[in-house]
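Subject: Structure handover

Hello,

Here is the structure for you to look through. My notes on it follow below.

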Amino acid sequence: MVLLILLHNIVTNFYFSYDPLLNNETIYYAKEYCCTINFFETKLYIYPTNYLFNKLAALKLFISSNYIGVGIENYKYQITNIDVSFYNSFWSWSSLVFDPHSTYFGTLAEIGLIGFISVIIVLFFFLIIIFKLKTLNINSFKIIALISIVLYYILVSINIDILNF
């Protein structure tokens, strides 16, 4: 499971290319690659995507709000107030004004550490209930469905802000 989450994050936060991108070739990846890997005698260029930059911006917003958050639905208004000079050297088009594309990072930025801990407690609460239901004699297909839904939410929430729909 941990390997799956790690692979999911790598694939969604980075773009891999055998050829270097031209300057301003795309709006979804950084202008410059962050590193290269020699892969079977071929150079593999790795570019950070806007998902990664949105998460970094959400962390900066969380830290700049003194860890208490900027308020529910205030992310899009406050994101323009943080220093994004780091991104200017990398980024050809900024999508930082929308949302962080992550339930966890969005929760940290908007409702702070207390809200983030509350979301984690709710997730653990659901897992505890599911495992208690497992000890009862309930249909195993229902248990598998509930576990799948909770695990899907945990995994998808890393790169999609489910709370903003």
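Ile10 counts as partly exposed because its relative accessibility is 34%. The residue is found in helix H1. Please keep in mind throughout that this is a predicted model.

Ile10 belongs to a nonpolar surface patch of about 580 Å², together with Leu3, Leu6, Leu7, Val11 and Phe16. Helix H1, residues 2-13, supplies the largest share of that patch, with five residues. An α-helix has 3.6 residues a turn, so residues three or four places apart point the same way.

Val11 also lies in H1. Val11 counts as exposed because its relative accessibility, 53%, is over 50%. In sequence Val11 and Thr49 are 38 residues apart, and in space their C-alpha atoms are 9.8 Å apart.

Ile5 is another residue of helix H1. With 22% relative accessibility, Ile5 counts as partly exposed. Once residues up to four places away in sequence are left out, Ile5 touches Leu155 and Ile158.

**Helix H6**

Leu155 brings in helix H6. Which residues of H6 are buried? They are Ile143, Ile147, Val150, Ile154, Leu155 and Val156. The cover over these buried residues includes H1 and helix H5, residues 103-135.

H6 itself runs over residues 140-156, which is 17 residues. From its first C-alpha to its last, H6 reaches 24 Å, close to the 24 Å expected at 1.5 Å a residue.

**The chain as a whole**

The chain has six helices and three strands. Read from the N terminus, its elements run α-β-β-β-α-α-α-α-α. The chain has 165 residues, and 34% of them count as buried. Its accessible surface comes to about 10,500 Å², with 69% of that belonging to carbon and sulfur atoms. Among contacts with a separation of 6 or more, 67% are made by residues 24 or more positions apart.

**Strands S2 and S3**

Strand S2, residues 35-39, pairs with strand S3, residues 42-48, in the antiparallel sense over five bridges. Within this pairing, Leu44 in S3 is the bridge partner of Ile37. In a regular strand the side chains alternate between the two faces of the sheet.

The hairpin of S2 and S3 has two residues between the strands, and Phe40 there takes a positive phi near 50 degrees.

**Other positive phi values, and the salt bridge**

Most residues other than glycine have a negative phi.

- His101 has a positive phi of about 55 degrees although it is not a glycine. His101 lies in the loop between helix H4 (85-90) and H5. His101 counts as partly exposed because its relative accessibility is 22%.
- Glu73, also not a glycine, has a positive phi near 65 degrees. Glu73 is found in the loop between helix H2 (50-64) and helix H3 (75-78). Glu73 is partly exposed because its relative accessible area is 36%.

How many salt bridges does the structure hold? It holds one. Side chains of opposite charge can pair when their charged atoms come close. Here the side chains of Glu73 and Lys76 meet, at 3.3 Å from N to O. Lys76 counts as partly exposed because its relative accessibility is 37%, and Glu73 is partly exposed with a relative accessible area of 36%.

**In short**

One is the nonpolar patch with Leu3, Leu6, Leu7, Ile10, Val11 and Phe16. Another is the contact of Ile5 with Leu155 and Ile158.

Regards

Methods. Residues numbered from 1 in each chain as written. Predicted model: local features only at pLDDT ≥ 70, side-chain atom pairs only at ≥ 80, totals over all residues. Heavy atoms only, no water. Patch = residues over 30% accessible without salt bridge, like charges linked within 9 Å, V, L, I, M, F, W, Y side chains within 5 Å. Areas by Shrake-Rupley, 256 points an atom, 1.4 Å probe, with all protein chains shown as cover. Salt bridge = Lys/Arg side-chain N within 4 Å of Asp/Glu carboxyl O. Helix = DSSP H or I, 4+ residues; strand = E, 2+ residues; numbered from the N terminus. Buried < 20%, exposed > 50% of the residue type's maximum accessible area, 1.4 Å probe, protein only. Pairing = 2+ DSSP bridges. Expected span 1.5 Å × (residues − 1). Contact = heavy atoms within 4.5 Å.
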